[in-house]
Amino acid sequence: VNSRQHPLEIPPPSGKDWPKEEEENFFLLDPDRKRDVLPQPFRMIHKLVMQVFESAVEIIEEREMLREAQKRKAQPIKCFPTAEFEVTERANCLAVSGKYIFVGLPVGLAAFNRCDFKDVCAWDAAQTEICAIHASALGNECHVLLAVDDMGLAWLFCFHKESFLLIKALNEVEDISQRSPCVEVVLSRGGDYAGILLQGNTEAWLEIYQLPKDSWLTELEENSGAAEELACSERSSSSSSVGTFLLQELPVPAIQADVKLDPPELLLTVRPPKPITGTSFKGPLDALKEVGDSSTLGLGYNHLIKDSQWELQEAIFCSTYQEYLEAEGVIKEEMPRYATFHFLLPSRILMGPEMEVEPDIPVGIGVHWDGNHNFCLYLLNPSLKDKAGSDLKPDVVWPCAAPIACSAVSSCSRYLALAGEDATITIWDKHLGYPLSVTAILEERFIRSIHFL
């Protein structure tokens, strides 16, 4: 008989056979892997290797996710050239007009046919490097070209019957030390007007030329007819004298080299607006006389603020914001030396009630100078030639809240885009005179160029 003197109890655990790991989860290990447990020096190495392996797997998974996301996006279309043509030297610039491609070279100009990409002709008489070129079709296989070389000379060409005709260097003077280099050229669509921006030692100005393209076309047609008659007479005389020889036509470029086309006519000279200073008027009546009909905004010159008031206002401003001015430094206001300008088609703002205009010919220009708040519009009125010696005033002033950084005009010339230095882009309806949209870029950015697509 087995008699139990004490109640049943769970025997205390024995730690004799327990593993000696330092990990807290040693009891979660598989008993079958008990024999695979490594000693301490090797377990640390094993742990580091596993961390590297897991990190590599995470990187691979992230890259796979990015690759899948890129595949789901719309891929851009890759365009490959369908044809190519080779120039003898480095191509600095090019322009396309009609079926011709004009290329500016380190020495002169070259023209290529866009159909077969063959070299048509070249011009290297001045041995100058062409850095910029603009071209426009005039009709009747005639094109006008406006080019700028590395010395700042603006060259005006007429391309007709596969030959270059030099009309004039617009800013060429006898004394080269008095020459003002050209930094920007613009050619209106259709070749009616050309504009060049010149920079002198201390100032810059804009010159607008009217191109007599009708007289050019008439002169070239007459010259072309005379050249064909001369070629026929030469052909008939050579065939009567020597009938077995191969006949060669008289080269047209050699005949057209003697053609003298009418030079362009200087229409406007636009200078940057002068800084606003103290008034020279004795009373309000004198200022009101200069305002005119007061139908448009002006540049702010007709005011009654005296020089002492300007100085007092500047002193108050400097004393109030002295710490900010010392931190950023005082920038002295200088005359602007660069302008952006556009040729504008007829619109309600530029057209007068009695003006007779054609819809495809520009009637004005829009100009804004660096660091200026105003977008100025000038009429291309031939009657203004008599005012060449006086300061030309804008016909319309388009003020902006911030200095204008860049601008763009749509192809129909109705919409105007102005980007300010405060990274705000405003789209204006130039016909009606009100803004269509205002877009502010939140990040601190500087807009350098804008374009209509």
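Is Lys-161 buried or partly exposed? Lys-161 is partly exposed, because its relative accessible area is 33% and the buried class ends at under 20%. The model is predicted. It holds 6 salt bridges and 0 disulfides.

**Salt bridges**

- Lys-161 pairs with Glu-141, with 3.9 Å between the closest N and O atoms. Lys-161 sits in the loop between E7 and E8, and Glu-141 in the loop between strand E5 (130-139) and E6, so this pair ties together parts 20 residues apart in sequence. Glu-141 is likewise partly exposed, at 45% relative accessibility.
- Lys-213 forms a salt bridge with Asp-192, and their closest N and O atoms are 3.4 Å apart. Because Lys-213 belongs to helix H2 and Asp-192 to the loop between E9 and E10, the pair links parts that are 21 residues apart in sequence. Both Lys-213 and Asp-192 are buried.
- Arg-271 is bridged to Glu-203, the closest N and O atoms lying 3.5 Å apart. Arg-271 is in the loop between strand E12 (265-270) and helix H4 (284-291), and Glu-203 is in the loop between E10 and E11, so the pair ties together parts 68 residues apart in sequence. Arg-271 is partly exposed, with a relative accessible area of 38%, and Glu-203 is partly exposed at 38%.

**Nonpolar core**

- The largest nonpolar core has 25 residues, of which Leu-156, Ile-196, Trp-216 and Leu-261 touch the most other members.
- At least two residues of this core come from each of strands E6 (142-149), E7 (154-160), E8 (164-169), E9 (182-187), E10 (193-199) and E11 (204-210), and from helix H2 (213-241). E6 supplies the largest share, 4 residues.
- Leaving aside residues up to four places away in sequence, Trp-216 touches Leu-138, Val-144, Leu-156, Ile-167, Leu-211, Leu-261 and Asp-262.
- In soluble globular proteins, nonpolar side chains tend to be buried together.

**Nonpolar surface patch**

- Phe-42, Ile-45 and Val-49 make a nonpolar surface patch of about 310 Å².
- Ile-45 is part of helix H1 (residues 40-72). Ile-45 is exposed, because its relative accessible area of 52% falls in the class over 50%.

**Cysteines**

- Cys-79 is exposed, with a relative accessible area of 70%.
- Cys-412 counts as partly exposed, at 42% relative accessibility.

Notes. Residues are numbered from 1 along each chain as its sequence is written. This is a predicted model: local features need pLDDT of at least 70, side-chain atom pairs count only at pLDDT 80 or more; totals for chains, interfaces and linings use all residues. Side-chain values use heavy atoms; hydrogens and water are left out. A nonpolar core is a set of buried Ala, Val, Leu, Ile, Met, Phe, Trp, Tyr and Cys residues joined through side-chain atoms within 4.5 Å. Buried means under 20% relative accessible area, exposed over 50%, partly exposed in between (1.4 Å probe, protein chains only). Contact means heavy atoms within 4.5 Å. Patches are made of residues with over 30% relative accessible area and no salt bridge: like charges are joined within 9 Å, nonpolar side chains (Val, Leu, Ile, Met, Phe, Trp, Tyr) within 5 Å. Accessible areas come from the Shrake-Rupley method with a 1.4 Å probe; for residues, only the protein chains shown count as cover. A salt bridge is a side-chain nitrogen of Lys or Arg within 4 Å of a carboxyl oxygen of Asp or Glu. A disulfide is a pair of cysteine sulfur atoms within 2.5 Å.
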